[in-house]
Amino acid sequence: MEPVMALAIGVMYATAIFMMLRRSIVKLVIGLLLLSNAANLLIFTTAGMTRGAPPLIPEGMVQPMGDVADPLPQAVVLTAIVIAFGVLAFAVVLIRRAYEVVKADDLDKMKDTDT
């Protein structure tokens, strides 16, 4: 399963970089989203893709019994998802305002304005 995930993550990173190199600001934002999703998948894949029980310790025990899932990668990815959503919301508002002012989606045209 890990080789398939590694290939999928590589394709997502390559697509994200390709999209970020385009001149359209909408494609730039789509590339940033793909980049953040690829990073989240990379964290999950490197943490190990084994299924396990929740890391709960029974009463009177010192450590959990049997296989447990590591909660740290899940917490990191959940935080990254929330941050990516905030960045997306900010970027959408910024794109809308920039398009209202410049009347263009091209990044080269946006650099030439003084408004």
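Predicted model: local features only at pLDDT ≥ 70, side-chain atom pairs only at ≥ 80, totals over all residues.
Biologist: How do you know that the length of helix H2 agrees with its number of residues?

Modeller: Helix H2 runs over residues 25-47, which makes 23 residues.

Biologist: Why is serine 24 called buried?

Modeller: Its relative accessible area is 13%, and buried means under 20%, so serine 24 qualifies. Serine 24 belongs to the loop between H1 and H2.

Biologist: What makes serine 24 a cap for H2?

Modeller: A side-chain oxygen of serine 24 lies 3.4 Å from the backbone nitrogen of valine 26, at the N-terminal end of H2. A polar contact needs N or O atoms within 3.5 Å, so this pair counts. The side chain of serine 24 also has a polar contact of 2.5 Å with the side chain of aspartate 105.

Biologist: And which residues of H2 are buried, and what do they pack against?

Modeller: Ile25, Val29, Gly31, Ala38, Asn40 and Thr45 are the buried ones. They pack against helix H1 (2-20), helix H3 (71-102) and helix H4 (107-111). Just after H2 comes glycine 48, with a positive phi of about 105°.

Biologist: Why do you say that arginine 22 sits over the ring of phenylalanine 18?

Modeller: The charged end of arginine 22 is 4.3 Å from the ring centre. The distance cut-off is within 6 Å, so 4.3 Å meets that part of the test.

Biologist: How many aromatic pairs does the whole structure hold?

Modeller: The search finds 0.

Notes:
Residues numbered from 1 in each chain as written. Heavy atoms only, no water. Phe/Tyr/Trp six-rings, centres within 6.5 Å; stacked < 30°, edge-to-face > 60°. Lys NZ or Arg CZ within 6 Å of the ring centre and 35° of its normal. Helix = DSSP H or I, 4+ residues; strand = E, 2+ residues; numbered from the N terminus. Expected span 1.5 Å × (residues − 1). Buried < 20%, exposed > 50% of the residue type's maximum accessible area, 1.4 Å probe, protein only. Contact = heavy atoms within 4.5 Å. Polar contact = N/O pair within 3.5 Å; in protein donor to acceptor, adjacent residues only side chain to side chain.
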